[in-house]
Amino acid sequence: MKSTRYATLLLFVLPLAQPVVASEKEELLKLKSTTLNLIEALVNEGVLSAERADAIIARAEASAQRELQVRERAEAQGEPDVVRVPYVPDFVREEIRQQVRADLRNEVVVDVMSQAKQEQWGIPQALPDWTRRFKFSGDLRLRTQADLYSSDNPDFGTAFVDYGEVNENGGFNRAFLNTREDRYRARLRARLGIKAEVTRGLTAGLRLASGSTGAAVSTNESLDNDFGSMDLNLDRAYLKYNILGLRGEPWLTAWGGRMPNPWFSTDLVWDSDLNFDGGAVTYHHKLGGGNSLLALDERDRHLFATLGAFVLDEVELDSRDKYLLGAQLGADLNFEDQSRLRLGVAYYDYIDVTGKRSPLSQPNLYDFTAPGIVQKGNSMFDISNDPADPFQRFGLASDFNLLNLTAEYDIASFAPIHVVLTGDYVQNIGYDADDIRDRLDGGDMFVNSTLFTDDPDEEQNEGYYARVTVGWPSLLERRSWQVSFGYKYLERDAVLDAFTDSDFHLGGTNTKGWILGASYGVLQNTYLKFRYMSADEIDGPALGIDVLQLDLVSKF
């Protein structure tokens with residue numbers, strides 16, 4: 001190529017182009033600049049590398065040395081028209097050579113990076129298309145937990161029936177809850193999730209999690225199995241479809257399968273580990289933005305409406321399948337200072353979850369009406385109706401139709417510190433004393449124990465929760481922190497005890513008390529969390545339980 005010949009010729013001349021004086025050295029540097037421009041043309045043509053430049057310089061220096069010797073001999077012999085050009089010292093040649101190398105290699109690096117970006121060398125976009133549609137996430141939590149029981153609690157075996165154990169075994173068989181013995185446990189939770197983009201707007205989600213099979217409100221595993229292996233279960237499996245607006249934001253979201261909680265809520269009603277089996281649809285209605293240049297986009301201010309239908313239990317030989325139907329209206333408002341207000345009003349209707357008393361002629365006919373999952377707290381009654389062998393199965397005395405009001409105000413005026421105010425109220429408007437008496441059919445309504453009964457007219461069907469949190473909005477940054485204080489009051493039939501928080505009072509309803517929390521980011525994506533929960537019984541025999549938890553959580 002022509003540029004190659006020109007550059008090579010110029011490099012041969014470089015060592016002979018000036019005498020060793022400062023003023024003429026400037027001319028040499030100008031000439032060097034011209035040379036670099038030509039070398040850049042070589043690089044652009046893809047014919048010159050850094051090693052090739054070194055070789056050209058070496059040949060030029062050797063040729064110049066030979067030319068200088070010839071001229072010196074000619075001048076010594078008095079040949080006419082010969083002009084002696086002083087040889088350039090080594091330090092000048094080395095300076096030029098190093099500068100050429102550095103500039104050339106910088107140009108080569110820039111060119112290689114540009115080519116790599118254009119051709120997608122070693123980046124995800126260069127991988128097969130199917131690999132770019134998967135996203136992986138997960139977390140690992142190590143926990144030390146202490147369950148501390150009040151000395152005022154009754155002795156084991158005299159109160160607090162484990163109704164879930166009774167229903168599973170078909171009788172008591174020492175099915176009582178611990179009321180006196182403090183416990184200290186090492187526990188862990190492991191979760192691994194995968195999301196795959198099936199097509200535009202449609203996402204498939206899977207998540208594996210530790211925990212016992214069938215446990216709805218806990219994915220914890222206690223380290224107490226003589227080094228035995230642990231369970232890993234399918235925690236989520238769902239399809240999610242977003243119908244997008246003109247600006248790319250979803251205005252309708254549909255879920256199906258085993259999905260995350262679709263409701264705006266707290267753990268007053270739904271435990272944070274709970275997933276839902278069924279389908280849900282959420283509609284988003286945008287509100288107009290402001291006129292200010294700083295005003296947020298319309299998508300940051302919207303109303304929403306969610307409808308959901310979920311399966312609790314399908315009964316093969318009876319039409320009394322158990323369902324949950326729900327509806328929620330709410331608002332999600334973001335403000336110019338990054339503050340956020342969320343409001344929601346929800347109605348949850350449980351279908352056919354109450355117990356039904358079997359006839360004397362068939363004392364186990366309606367055993368299937370016993371709840372599949374029980375923590376503790378709800379009013380229960382004997383549904384087996386067998387005088388010779390009572391208390392084989394227990395069912396829920398009350399129906400559950402919940403009205404739930406939830407609010408959260410995230411104040412960002414002190415950023416990066418946020419102040420978050422949370423409030424939640426629930427009432428079971430499905431509680432009806434007359435219906436309960438008809439359901440009991442002359443039997444008793446038990447509270448916690450077969451030794452403690454209550455009158456259905458004594459309504460215990462409300463609950464509330466208040467909390468204030470101060471600190472960073474996220475704990476995934478190093479040295480981020482949060483502190484919180486909350487108070488919870490949850491009467492025995494305010495919600496279904498099976499699905500509420502499994503940590504406070506060790507799960508269930510008929511409890512009140514406070515919660516103190518503190519968290520600190522020790523590393524990127526890793527934080528420590530401490531919670532102290534002190535709870536007591538509202539109605540019936542005393543049951544005071546303090547729970548202390550220290551967690552180390554890493555997310556990836």
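My entries follow, from the whole chain down to single residues.

**Ground rules.** I am working with a predicted model, where local features need pLDDT of at least 70 and side-chain atom pairs count only at pLDDT 80 or more, while totals for chains, interfaces and linings use all residues. I number residues from 1 along each chain as its sequence is written, and side-chain values use heavy atoms, with hydrogens and water left out.

**Whole chain.** I looked up the secondary structure and found 6 helices and 21 strands; helices (H or I, at least four residues) and strands (E, at least two) are DSSP runs, numbered from the N terminus. Of the 556 residues, 43% count as buried. For burial I use relative accessible area with a 1.4 Å probe and protein chains only: buried is under 20%, exposed is over 50%, and partly exposed is in between. The exposed surface comes to about 28,900 Å², with 55% of it supplied by carbon and sulfur atoms. These areas come from the Shrake-Rupley method with a 1.4 Å probe, and for residues only the protein chains shown count as cover. I also checked contacts (heavy atoms within 4.5 Å): among those between residues at least 6 apart in sequence, 64% join residues at least 24 apart.

**Nonpolar cores.** Which residues touch the most other members of the largest nonpolar core? They are Trp270 and Tyr350, in a core of 49 residues. By core I mean buried Ala, Val, Leu, Ile, Met, Phe, Trp, Tyr and Cys residues joined through side-chain atoms within 4.5 Å. Elements that each supply at least two residues include α5 (163-169), β6 (250-259), β7 (276-286) and β10 (340-351). β10 gives the most, with 3 residues. I then listed the contacts of tyrosine 350, leaving aside neighbours within four places in sequence; among them are Trp270, Leu312, Tyr323, Phe400 and Phe499. A second, separate core has 8 residues, including Ala370, Ala397, Tyr431 and Met445.

**Valine 345.** Valine 345 counts as partly exposed, at 36% relative accessibility. Its C-alpha atom is separated by 6.3 Å from that of glycine 330, 15 residues away along the chain. Not counting residues up to four places away in sequence, valine 345 touches Ala327, Gln328, Leu329, Leu403, Asn404 and Leu405.

**Surface patch.** I found a nonpolar patch with about 1,100 Å² of accessible area, whose members include Leu140, Leu208, Leu234, Phe530, Leu552 and Phe556. Patch residues have over 30% relative accessible area and no salt bridge; like charges are joined within 9 Å, and nonpolar side chains (Val, Leu, Ile, Met, Phe, Trp, Tyr) within 5 Å. At least two residues each come from β1 (134-149), β3 (202-210), β5 (232-244), β20 and β21. Leucine 552 sits in strand β21 and is partly exposed at 34% relative accessibility.

**Salt bridges.** How many salt bridges does the structure hold? I get 23, counting a side-chain nitrogen of Lys or Arg within 4 Å of a carboxyl oxygen of Asp or Glu. In one of them, aspartate 235 meets arginine 207 at 2.6 Å, N to O. Aspartate 235 is in strand β5 and arginine 207 in strand β3, so this pair ties together parts that are 28 residues apart in sequence. Both aspartate 235 and arginine 207 are buried. Aspartate 277 and arginine 258 meet at 2.7 Å, N to O. Aspartate 277 is partly exposed at 34% relative accessible area, and arginine 258 is partly exposed at 24%.

Most residues other than glycine have a negative phi, and most peptide bonds are trans. Proline 416 is in the loop between β13 (401-411) and β14 (418-428). Glutamine 338 has a positive phi of about 80°, and asparagine 385 has one near 55°. Is each buried or exposed? Glutamine 338 is exposed at 58% relative accessibility, whereas asparagine 385 is buried at 11%.
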